[in-house]
Every structure is written in structure tokens, then in C-alpha cells.
Amino acid sequence: MAASSSLFSLTIQGAVPFQKQSDLVSMQIKHPSLLLPNEKLAQSGTLCRALKTENLPSFSVGKKFQLDDVIEAQQFDRDILGAIFEVARDMEKIEKRSPGSQILKGYLMATLFYEPSTRTRLSFESAMKRLGGEVLTTENAREFSSAAKGETLEDSIRTVEGYSDIIVMRHFESGAAKRAAATAGIPVINAGDGPGQHPTQALLDVYTIEREIGKLDGIKVALVGDLAHGRTVRSLAYLLARYNDVKIYFVSPDAVKMKNDIKDYLTSRNVEWEESADLMEVASKCDILYQTRIQRERFGERIDLYEEARGKYIVDPRVLEVMQKHAVIMHPLPRLDEITVDVDGDPRAAYFRQAKNGLYIRMALLKVLLVGKFGLQSPNDVSG
């Protein structure tokens, strides 16, 4: 655990220093949107005085949350999701050069990307800098880091954690983020692990749905495109299962159908799902049409299967004509030709708003993981 990381405590009466980790563990706080500071920080023994906070809600014995790493979508329940979204809404209000924009001053984030990325890497780096933190980055760690010399992931993580306070990692192997988190003594965020998961994308997707539709219960969501290799749709399906009366439609070519583990999980959670080959019919019913690209890089030498799958389901003005007026189109991006550019001007095209929401979600996650939600005052209350 890097020595620069700090642990803050919150008490009902105000700010007091705590003497040991058990003081924090024993706190019982009722407010449902409180996320406690990172347990990995507590284990480091780096403790400090809490900052004084005022005008907080009343507290009594109740639930508390702990967020150590962000590895997979299954780690989030509805209460934690709601708490993170509340912090994200606060992040939207932070202005440049305001006191709230300095709440991560003195912290360093390392971005370790073994696969290409534009939105995820840049939004994390922007999030850190907008909160006053600094960034150490490597864009193509698979080729330009010591991994090219044969260094193990575990050795890389042990090295990088000595230089930073939090690691954001994208890797080409499913499960790599979990290995990194088990090795590191500082927080690790999974920015995508091969065909496995992309939990921060799923968080921003659910946040976007709530912002666009106004609810998360009772919605119908169509997941379209490469469902076999798409880590975004896998993570999103896990999160959607947290809500009530959700129905999910799977629309994909035969070569890239959703895998059985997700279907079985949804069934175990009593989430209704249906496979369909008719995009137009599904588009007329759903509240969210979530399109994805066919991922050529996941097919290896089977280019024939890729060519068979690509171009089969395209969102164009004809699809817009059958969609409901309140429905929206989402896409994790980048897109190729699966959404035509003449759709962009329609107000139901939410994918660029969705990408911007990624900034606020990632600002929220960095704040929660490094200082806790109430470790520092809210952006509106910070005075310096």
C-alpha cells in the first residue's frame, strides 16, 4: 500500500481521530448512500484525522458499504449502485478550478492498458485530473512494457503499486483483473479483461439508462450484436438483474450468441429473457436498444465467422421509425457500421451522452476508492 494514501473516518457528532482499524469497522451508519473508505487503505496502517463535516443527515445503527476494488459487476447491489450514482451526480456539478476539483490532489493513478482504448483510458485520466490527481500511463503495455520481456502480471502489479495509489488496468485475458487485485495492496479497477467483464462500462450504462428513461425497474432492454465476446453486455446483464421486472432481449447472429452462463444467471435471478432474430420487432418493444460491434479481434483466424456475423443487424432510420418515442439507442463505442451516421441527429441517439457519463462515473469511483464518499466534504461545501 503506497504511503501517500490516507484513510478518513466519519462519526455522527463530527470529526474525531480513530486509533485503530477496528474503530472504523465498528462504526454503524444508517445512511444508505455512505461508502466507507477503502479497506486496503485501512490495512496499510496509514491513518489520519477526519476532516470536519457539517450538515450531514442523521445516522443510527444500520448498513455500511465497503468498496476495495472494482473487478466485476456482481459485486454491486442496488444500494451500492444508488450510492455511486449519487456521487456521480455530485461529480457533474464540479467546476474547473473550484475547491471540489482538488479533492484527489496528491494522489497518483496508474493506467496499465494491455489492449487498445480511447474512451475508457482517456475518461479515467480526465476524471483523475479533474479531481486534482495525477496520472502515470502506459497505452500499450502488452508491447511496450516489461510484459514484452516475459514479466508476469503479478510482478508488474507489485512494481506499479509502488509508484501509485490506484491502478486502472485493461488486459487481454479474462480474469486478469482479479489476479491483479489479489496481488496489489492498493485499489485496482478493471477497465476490461478480454472477453470477461467491463464493470465500469456497465455502471455508466445503468447510470445512463436511469438518466435517459427515468427508471430502472420495469424496463425492456435489447442487447444487440456480438454477445458472445462483448464484455460490456455481459457486465450490463449482471447489473440489470439487480432491478425488478426487467426483460432482456438477445439479438445476435448465430456465431456470437449470448453464452449460457449469463442466461443461467438471469434465470436464477428470475429475470425474463428472450432470444430473437427480428431486430425490428424487438426495437418496437424495448426502452433501450443497446447495440454493439462485431469484434473482429476475438475471432482469431476464423475470419469466415466474422464475415458471416458482421452487418446482419444495423440500426438505421428504418429502425428509428418503429422505436417508441421515449426509447433510446446506446452503444459502448467504438462503432463501425452497426449504427449509421444518419441516426446521430435523432434525440434518441444517446451513445455520445452515454460516453460523457463515463467521466462522471469514473470520477465517482476514484473518489470513493481513494477517500470514501464522505472522506472529504461535498464539492459544494469544500472550502480549500
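User: In S6, which residue is the bridge partner of His171?

Analyst: Strands of a sheet pair through backbone hydrogen bonds, either parallel or antiparallel. In this predicted model, His171 has Asp193 of S6 as its bridge partner. Four bridges join strand S5, residues 166–171, to S6, and these two strands run parallel.

User: In what order do the strands of the open sheet stand?

Analyst: The open sheet is formed by four strands in the order S4-S3-S5-S6, with parallel pairing. Strand S4 (134–138) and strand S6 (188–193) each have a single partner strand and stand at the edges, so one side of each is left without a neighbour in the sheet. From one strand to the next, the twist averages 15°.

User: Which strands does helix H4 lie across, and at about what angle does it run to S3?

Analyst: Helix H4, made of residues 119–130, lies across strand S3 (108–113) and also across S4, S5 and S6, and its direction is at about 175° to that of S3.

User: Turning to a charged residue, where is Asp287, and is it buried or exposed?

Analyst: Asp287 sits in the loop between helix H11 (279–285) and strand S10 (288–291). Asp287 is buried yet has no salt bridge, and the nearest side chain of opposite charge, that of Lys215, is 5.8 Å away; a salt bridge would need the charged atoms within 4 Å.

User: What does the side chain of Asp287 reach, and with which residues is Asp287 in contact?

Analyst: The Asp287 side chain reaches the backbone nitrogen of Lys220 at 2.7 Å. Apart from neighbours within four places in sequence, the residues in contact with Asp287 are Ile213, Gly218, Ile219, Lys220, Gln324, His326, Ala327 and Val328.

Notes. Residues are numbered from 1 along each chain as its sequence is written. This is a predicted model: local features need pLDDT of at least 70, side-chain atom pairs count only at pLDDT 80 or more; totals for chains, interfaces and linings use all residues. Side-chain values use heavy atoms; hydrogens and water are left out. Two strands pair if DSSP finds at least two bridges between them. Axes are lines fitted to C-alpha atoms, for helices over the stretch in contact, and angles run from 0 to 180 degrees between N-to-C directions. Contact means heavy atoms within 4.5 Å. Buried means under 20% relative accessible area, exposed over 50%, partly exposed in between (1.4 Å probe, protein chains only). Lys and Arg count as positive and Asp and Glu as negative; His and the chain ends are not counted. A polar contact is a pair of N or O atoms within 3.5 Å; within protein, one must be able to donate a hydrogen and the other to accept it, and residues adjacent in sequence count only if both atoms are side-chain atoms.
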